[in-house]
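Subject: Structure handover and findings

Dear colleague,

Please find below the structure that I am handing over to you.

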Amino acid sequence: MIRRPPRSTLSSSSAASDVYKRQLQAAGFGLRAISKHDQAVLATALTQFRAEGCFRFPPENQHSDRHGWALEYQRCYRVLLRVAIESLATVGQLVPVEQGRVFHELCDGPLSPSFSSSSFMNLFNYGMGSLGIHKDRCLLTVIYAIDAPVGSSKLWVRHPESLAWQDTCAAPGEVAVLVGEELELLAGGAVTAAEHCVTTLPGGAGHAGSEYCVTTSTLQGSSAAAPTKICAGQPDRVSAALVLSLPHIS
């Protein structure tokens with residue numbers, strides 16, 4: 001287990017910004033504080049999602065029609081998208097000036113609105129299941145979770161140098177930000193894509209692949225299909241994850 005990194009904030013202080021940059025550079029992962037207002041928006045969406053007793057929202061391959069989502073979910077999406085673009089801008093400060101202009105175009109220029117069509121959000125209730133060891137192919141992933149009952153699954157990140165697994169342990173007022181492979185390439189290696197998994201055990205106990213496995217009794221071998229409903233009495237961990245990818249330019 002590696003030591004938990006110091007917490008960062010969304011404040012404008014240079015010290016907080018430097019801490020967050022070091023986190024992203026060192027492990028491709030950082031914890032970023034959000035405002036109380038944003039925290040309330042995300043918590044409201046996840047509380048509603050938990051009450052519905054579903055495993056996933058929206059259903060698979062139904063991301064495009066956000067106008068039909070409940071208002072709480074639309075607000076959740078907008079908060080996470082904003083935080084994702086802000087985090088992308090932070091990485092842009094780590095690259096040479098010429099490369100930094102690309103990040104400026106993406107985050108503050110005419111390309112910024114395009115992220116709405118190249119990003120998607122999922123709400124999950126992982127319960128006691130697992131998502132195998134993998135890297136995200138996107139620019140970055142922003143994750144917010146509430147409540148972590150004993151026995152529920154957690155998000156683990158592997159440090160690229162020490163190879164030790166870290167329980168992300170994001171506090172209620174924080175989001176976890178994971179660097180993806182697109183961003184590693186775009187930044188010219190200034191940051192490294194984070195290898196991670198979701199499971200009750202550190203490192204996934206040898207479980208490989210990105211498919212969801214319902215039980216943790218046997219993490220190797222074939223995986224069962226993801227459930228549509230959560231069983232009563234099962235430890236649950238609800239989370240919202242937004243995946244930010246490069247906009248499609250015509």
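The notes below set out the conventions first and then the findings.

The model is predicted, so local features need pLDDT of at least 70 and side-chain atom pairs count only at pLDDT 80 or more, while totals for chains, interfaces and linings use all residues. Residues are numbered from 1 along each chain as its sequence is written, and side-chain values use heavy atoms, with hydrogens and water left out.

Overall composition

The chain has six helices and eleven strands. Both are DSSP runs numbered from the N terminus, with helices being H or I of at least four residues and strands being E of at least two. Of the 250 residues in the chain, 50% are buried; here buried means under 20% relative accessible area, exposed means over 50%, and partly exposed lies in between, with a 1.4 Å probe and protein chains only. The chain exposes about 11800 Å², of which carbon and sulfur atoms supply 56%. These accessible areas come from the Shrake-Rupley method with a 1.4 Å probe, and for residues only the protein chains shown count as cover. Among contacts between residues at least 6 apart in sequence, 80% join residues at least 24 apart, a contact being heavy atoms within 4.5 Å.

The sheet

An open sheet is formed by six strands in the order β1-β8-β5-β11-β3-β2, with antiparallel pairing. Its edge strands are β1 (29–33) and β2 (56–57), each of which pairs on one side only. Two strands are taken to pair if DSSP finds at least two bridges between them. In general, strands of a sheet pair through backbone hydrogen bonds, either parallel or antiparallel.

Strand β5 (residues 140–146) pairs with β11 (residues 238–244) over seven antiparallel bridges. Within this pairing, Val142 has Leu242 of β11 as its bridge partner, and Ile146 has Val238. Four bridges join β5 to β8, and these two strands also run antiparallel; here Thr141 is partnered by Leu178 of β8. Seven of the seven residues of β5 are buried. Leu140, Val142, Tyr144 and Ile146 point one way from the strand, and Thr141, Ile143 and Ala145 point the other way.

Strand β1 pairs with β8 in the antiparallel sense over five bridges, and Ala33 stands opposite Glu174 in β8.

Helices against the sheet

Helix α2 (residues 36–52) lies across β2, β3 (119–125), β5, β8 (174–179) and β11, at about 70 degrees to β5. Helix α3 (residues 71–92) lies across β1, β2, β3, β5, β8 and β11, at about 50 degrees to β11. For these angles, axes are lines fitted to C-alpha atoms, for helices over the stretch in contact, and the angles run from 0 to 180 degrees between N-to-C directions.

The second largest pocket

Its volume is about 160 Å³. The lining consists of Arg66, His67, Trp69, Gln74, Tyr77, Arg78, Leu81 and Ser116, and α3 supplies the largest share of it, four residues. A pocket is an open set of points on a 1 Å grid over the protein atoms alone, where a 1.4 Å probe fits, with protein on both sides within 12 Å along at least five of seven lines; lining residues have an atom within 4 Å of a point. Grid points are joined across faces, edges and corners, and the volume is the space filled by probe spheres set on the points.

Individual residues

Most residues other than glycine have a negative phi, and most peptide bonds are trans. The peptide bond from Phe57 to Pro58 is cis, with omega near -15 degrees, and Pro58 is found in the loop between β2 and α3. Leu163, although not a glycine, has a positive phi of about 65 degrees. Leu163 is in the loop between β6 (154–158) and β7 (165–167) and counts as exposed at 52% relative accessibility.

Ser245 is placed in the segment after β11 and is buried, with a relative accessible area of 19%. Leaving aside neighbours within four places in sequence, Ser245 is in contact with Phe115, Ser118, Cys138, Leu139 and Glu182.

Yours sincerely
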